[in-house]
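Welcome! Please take a moment with the sequence and the 3D structure before reading on.

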Amino acid sequence: VLVGLPILPTAPVPMTKTVVEVCHEPNLLGWKVYVHDDNGFIDLHHSEDPSHVAELVEKFGTHRGKERGIEKIRIHGPFPGCQVLGRGGILVDTPGAELAFTCEGEAVEVDTARALRILDDVHAVLFCVRADQLGSDSEYQFYQKRMRTLGTLNVINFKDLWEEDDNELYREAVRKYHFPRDRTVVVSGRMAEQAPADPA
């Protein structure tokens with residue numbers, strides 16, 4: 001929903017393992033997917049179908065895929081429904097970064113280091129947590145030890161899975177994570193996707 005097309009995989013548990021960058025190129029007919037491996041090689045994949053782009057991301061950038069040693073995936077294409085991309089921004093997904101503070105193991109350390117490196121080069125950071133998983137120790141530790149100093153905009157998603165009203169969800173998130181009140185929003189991607197288009 002964030003980029004206007006379902007090209008990034010979602011799941012109840014962290015699924016992606018590779019940094020994914022999304023860039024808007026309105027004049028492209030279709031999409032270009034650049035797959036950077038750990039040895040510096042870049043494979044270019046062309047696609048005219050968003051579902052094929054999603055398959056490529058799943059194959060090269062998630063724990064479901066069989067490909068290993070992928071440093072980054074960069075997607076170029078037309079994303080007219082995303083204002084951030086339309087204004088020249090680049091959306092970067094840094095999956096698995098929060099695991100640095102709660103998990104051990106070589107694979108986790110490699111994935112986490114790759115994700116954390118990108119944070120030093122971005123201008124605006126969204127820190128997203130699920131309404132139905134508030135208070136996760138890994139997310140709390142990650143926010144306190146790494147993200148808090150970056151001036152993040154904190155997004156509580158999946159508000160449609162919260163049984164109480166939005167104000168209570170907002171207060172609970174601020175209490176558990178110590179988010180600044182003026183930099184915290186409550187949203188639902190599913191509700192936004194199902195909402196009718198604004199006639200204005």
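Here is a short tour, grouped by topic.

This is a predicted model, in which local features need pLDDT of at least 70 and side-chain atom pairs count only at pLDDT 80 or more, while totals for chains, interfaces and linings use all residues. Residues are numbered from 1 along each chain as its sequence is written, and side-chain values use heavy atoms, with hydrogens and water left out.

**Confidence**

- The chain has an average pLDDT (the predictor's confidence in each residue, from 0 to 100) of 78, and 78% of the residues score at least 70.
- Helices (at least four residues, H or I) and strands (at least two, E) are DSSP runs, numbered from the N terminus.
- Strand 3 (residues 42–47) has the highest mean pLDDT among the elements of the chain, at 95, whereas helix 6 (residues 189–194) has the lowest, at 59.
- Where pLDDT is low, the predicted coordinates should not be read in detail.

**Salt bridges**

- A salt bridge here is a side-chain nitrogen of Lys or Arg within 4 Å of a carboxyl oxygen of Asp or Glu, and by this rule there are 6 of them.
- Side chains of opposite charge can pair when their charged atoms come close.
- For accessibility, buried means under 20% relative accessible area, exposed means over 50%, and partly exposed lies in between (1.4 Å probe, protein chains only).
- Glutamate 21 is buried because its relative accessible area is 6%.

**Two pairs in helix 5**

- Arginine 171 and glutamate 168 form a salt bridge, with their closest N and O atoms 3.1 Å apart.
- These two residues are 3 residues apart in helix 5 (residues 166–177), so about one helical turn separates arginine 171 from glutamate 168.
- Arginine 171 counts as partly exposed at 42% relative accessibility, and glutamate 168 is also partly exposed, at 24%.
- Glutamate 172 and arginine 175 meet through their side chains in another salt bridge, at 2.8 Å from N to O.
- Glutamate 172 and arginine 175 are likewise 3 residues apart in helix 5, which means that about one helical turn separates them.
- Glutamate 172 is buried at a relative accessible area of 16%, whereas arginine 175 is exposed at 51%.

**Threonine 184 and its surroundings**

- Threonine 184 sits in strand 8 (residues 184–186) and counts as buried because its relative accessibility is 8%.
- Its side chain reaches the backbone oxygen of proline 180 at 2.8 Å; a polar contact is a pair of N or O atoms within 3.5 Å, and within protein one must be able to donate a hydrogen and the other to accept it, with residues adjacent in sequence counting only if both atoms are side-chain atoms.
- Leaving out neighbours within four places in sequence, threonine 184 is in contact (heavy atoms within 4.5 Å) with Leu153, Asn154, Ile156, Tyr170 and Phe179.
- Leucine 153, one of these partners, belongs to strand 7 (residues 153–157) and is partly exposed at 31% relative accessibility.

**Histidine 52**

- Histidine 52 is in helix 1 (residues 50–61), and its relative accessible area of 29% makes it partly exposed.
- Not counting residues up to four places away in sequence, histidine 52 touches His46 and Ser47.
- Histidine 52 and tryptophan 31 are 21 residues apart along the chain, and their C-alpha atoms are separated by 9.6 Å.

**Positive phi angles in two loops**

- Phenylalanine 158 is not a glycine, yet has a positive phi of about 65°.
- Phenylalanine 158 lies in the loop between strand 7 and helix 5, and is partly exposed with a relative accessible area of 24%.
- Histidine 178 is a residue other than glycine with a positive phi, near 65°.
- Histidine 178 is found in the loop between helix 5 and strand 8, where it counts as partly exposed at 42% relative accessibility.
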